[in-house]
Amino acid sequence: MPKPSRPSIDSVTTIRDDGSRFFLHPADVRGFFSKHRRWTGLLLIAIYLSLPWIDIGDNPAVFLDVGGRRFHLFGLTLAFQDAWLLFFAITGLGFALFFVTSLLGRLWCGWACPQTVFLEHVYRPIERFIEGDAVQRRRLDASSWTKEKILKRTAKQIAFVTVSAVISHLFLAYYVSLAELWDMMHTAPKEHWGAFLFVFVFTGVNYFNFAWFREQLCIVICPYGRLQSALTDENTVVIGYDEQRGEPRGHVTDPEAGACIDCNRCVQVCPTGIDIRHGLQLECIGCSACIDACDEIMTKVKRPTGLIRYDSLNGLEGGETQWIRPRTIMYSILLLVGMAVAGWSISTVRPANMGVTRITGAPYIVSDEAVRNQYLVRIVNKRETVQSFSLEVIGAPAAFTLTGFTGMVEVGPLGEEVFPLVMQVPRSEYTGKFPLELVLHAGAEEFELRREIEFIGPDPKLLREDSP
Amino acid sequence: MSDSERHTPPVEGSVRKHVYDGIEEYNKRLPNWWLFTLYITIAFSIAYWFYYAQSGLPEEDGPRVEAEIARIEAERMKTSFELTDANLWAMSQQALIIEEGKTSFNSLCAACHLPSLKGKTENPAAIGPDLTDEEWVHGAEPMALYGVVDKGVLLKGMPAWGPVLGAEKSAAVVAYILSYHEAP
């Protein structure tokens, strides 16, 4: 079934009525936004490809060592015990996205989302280079399998698979480090089935996604696109068509007509196949291609540019965009609170962790002489060098004795060690449970870790009645 | 262009019957790729059902879990030697093993039994009993000693060190203690 020549707001352009895919070939576009978007995209790709190669301290800038349970982020080393910080990372990302979306719509989708960045700045340029512009690509699609078509298609698929493999390998490098990745690439797959299968499947998924699936991900799968109607309002800056200036559309020589000459350029360049003149739509990923396309035409016909532009729905109707409104105030407060708490919690991260647990068995022991509590202190060294520690106990009564973890102890590079902590109070001095604070001092460093524990025992009255 | 101009008027039968808050829904076909994912799950469920419920090929859960527990236990208990009284006595003659046992003893056990192993004999305020004399509270055989280190004596406050040390290091600790005694 042929597709109607123009996109309709009632259905998705890329799916025909019989359910088959209508494969888009967006036309080339040049202009202010395209240029800046290309540079932004290339910068993001450069960052993605280079982070595993740059060493900060003893480790790569970003190295999420899942196997060793150590996470190296720009010189900061986190252990598994610091996983609670993820809460701030995830909520921070969420509120930042909410905030940006309420102000500037789907800026993320069009400018920074990996789906768009890789598709627009890697895969489409390769396709453009091998198969030509939109018209040539459409002709190639329609043509029979000539020698030229087989050659071009093979070249394109090989290039796509290669690029997908590179992206997937670098992705793995974030988790195993480049050196380890290089090692794996030089040994047989059976030595590391998990990693091999991961890269194999991830390459396949990337290839399928960027070679064929493309905008379907944004339109059908991505939850963020669905959320935008809840996050934006009439004051959010989106990409819109100025109906008051543009309508009624007409020929360039028609004095009665509006500014839009109905050239359809904005539709031809759209990567999701919509007509922006229908207004804000779920499919719009805010890529700004139609802005550049329209501005180019407006310049040619000597009319002011900006018929399609970044503006709020209010602005497009001739009103003022309200930047400060309850929604943006709320999101920015939440964002600032989140950032402040995240900044504070990251500042509490030390190059070591201390865990204190009661030794399994009886919670306390009453001997002939004393009430006893036994703990295990687990120290995790997050440094690549040996660290020494000493323990101080605050809040103990006078008759309190401590054995086990006394004096200085050493923990090896990236090591974990347990030390017993045996505490006693003579029966005659025991007057009930009391809190204690443990302070772990790192040897040469000026940092300390604190934990609260409780010394417990039987009811002091029963203890006295039972005295030997 | 007003809203009504943007939309093409629905053809009879192209809109589904339900209306919510004045919102109607077109009766459109799912994308074929989406339907295809349904077919894949159907094919998968048949293969899954056949493999797990019919073929008899996969091992049953019970034996599989037991085998895995046994494997983990074996890994934990793995020693380069057999745990017997005679072997523990033999180990108590080997300097390297004694040295290894001493390291563990001093970091964990000395808190109660003192670095000299003499416990209450040396200092009445110490918690643990003397390990160098010939008086044993929980059995004199090396394997009984190993059991105390591995499983602990919970009522007396002797912790189970097996989970912390593992079999090999626990045996080394026993060997270190035995090195203070005459081998039979």
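Q: Which residue of strand 14 of chain A stands opposite A:Val377?
A: In this predicted model, strand 10 of chain A and strand 14 of chain A are paired in the antiparallel sense. Within strand 14 of chain A, the residue that stands opposite A:Val377 is A:Phe419.

Q: Over how many bridges do strand 10 and strand 14 of chain A pair?
A: Strands of a sheet pair through backbone hydrogen bonds, in either a parallel or an antiparallel sense. For strand 10 and strand 14 of chain A the sense is antiparallel, and the number of bridges is 11.

Q: What is the bridge partner of A:Thr401 in strand 14 of chain A?
A: Strand 12 of chain A is joined to strand 14 of chain A by 4 bridges, and these two strands run antiparallel. In strand 14 of chain A, the bridge partner of A:Thr401 is A:Gln424.

Q: Which strand of chain A gives the largest share of the side that touches chain B?
A: The contact takes 26 residues from chain A and 24 residues from chain B. Strand 10 (370-381), strand 12 (401-404) and strand 14 (416-426) of chain A each supply at least two residues of the side of chain A that touches chain B. The largest share, 4 residues, comes from strand 14.

Q: How many residues on the side of chain A that touches chain B are charged?
A: Sorted by class, the side of chain A that touches chain B has 9 nonpolar and 10 polar residues. The charged residues on that side number 7.

Q: What distance separates the centres of domain 1 and domain 2 of chain A?
A: Chain A is divided into domain 1 (1-349) and domain 2 (352-465). In the contact between them, 5 residues of domain 1 meet 6 residues of domain 2, and the domain 1 side has 1 nonpolar, 2 polar and 2 charged residues. Taken over C-alpha atoms, the separation of the two centres is 54 Å.

Conventions
Residues are numbered from 1 along each chain as its sequence is written. Chains are lettered from A and ligands numbered from 1 in the order in which they are written. This is a predicted model: local features need pLDDT of at least 70, side-chain atom pairs count only at pLDDT 80 or more; totals for chains, interfaces and linings use all residues. Domain bounds come from an automatic or database domain assignment. Two residues are in contact if their C-beta atoms, placed from the backbone, lie within 7 Å. Ala, Val, Leu, Ile, Met, Phe, Trp, Tyr, Cys and Pro count as nonpolar, Asp, Glu, Lys and Arg as charged, and the others, Gly among them, as polar. Two strands pair if DSSP finds at least two bridges between them.
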